[in-house]
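Please look through the sequence and the structure shown here before reading the notes that go with them.

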Amino acid sequence: MGAPLYRDTGVVLRTYKLGEADRIVVVLTQHHGKIRAVAKGVRKTMSKFGARLEPLSHVQLLLYQGRELDIISQAESVGSLAPLVGDLDHLTNGLAIVEAVDQMTPDREPVGHLYRMLVGALRTVAERSGPLVVPAFYWKLLAAEGVRPELDECVRCGVAEGLVAIDVVEGGVLCRSCRTGVPVSAEALEVMRMILGGRLNEALDLPASRVTHEVTAHATRALEHHLERCLRTVAMFETG
Ligand SMILES: [Zn+2]
């Protein structure tokens, strides 16, 4: 009985070495979630896969299903996210985005919405640089995971004025009397509202400044907090 074959389209998140010539490729697929598959002979110069299985590659795959690792039989490029690789800024942004998605996604659990977000984000990355491309994606990703930060009123007392702090543990902004977490400037708060409130392009057009720097720091902190919480939950289930 041969292993079942299946087809899917996906984005390569990361690869690592397996033995002398092979590579394990971690792919977020459209229909099968995140999979790990072996690309045999990929590290030989004459590999039939060529450069199609590098991180950020968008590929159509034919795979043999295995117990833990699938095996890639064919890989064809889909369209092109190629501009990404030609420019260091774009490449760095693209890699930050696939890393966040990789960390946030469990294996073999269909996450069609994340796949679509990822492809959309990589198109954005290919077309534009700018300081907020990656942090904006982090905020969108968190919102898609159900942890959209409260930005309009104090998470403790509900006042809408004088919001001066943001706390990732509390899940949003706080007023002067309730403040915990770290300070947030009114300008940074406004930019975060742009990103999460349907004015993404406006935010992406902003040049680098103290404010974009601050928004980046808040986004990174929020993402890290969420990932740590996910990891703790996993550990709890595994030991429990
Ligand atoms: Zn308050």
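## Basis of the values

The model is predicted, so local features need pLDDT of at least 70 and side-chain atom pairs count only at pLDDT 80 or more, while totals for chains, interfaces and linings use all residues. Residues are numbered from 1 along each chain as its sequence is written, and side-chain values use heavy atoms, with hydrogens and water left out.

## Two positive phi angles

Leu56, a residue other than glycine, has a positive phi near 85 degrees, and Leu56 sits in the loop between strand E3 (33–39) and strand E4 (58–64). Strands (E, at least two residues) and helices (H or I, at least four) are DSSP runs, numbered from the N terminus. Leu56 counts as buried because its relative accessibility is 3%, where buried means under 20% relative accessible area, exposed over 50% and partly exposed in between, with a 1.4 Å probe and protein chains only.

Arg108, which is not a glycine either, has a positive phi of about 50 degrees, and Arg108 lies in the loop between helix H2 (88–104) and helix H3 (112–127). With 35% relative accessibility, Arg108 counts as partly exposed.

## Strand E5

Ile71 is found in strand E5 (residues 70–77), and Ile71 is partly exposed, with a relative accessible area of 33%.

## The lining of the largest pocket

A pocket is an open set of points on a 1 Å grid over the protein atoms alone, where a 1.4 Å probe fits, with protein on both sides within 12 Å along at least five of seven lines, and lining residues have an atom within 4 Å of a point. The largest pocket is lined by 15 residues, of which Val147, Pro149, Val168, Gly171 and His225 lie nearest its centre.
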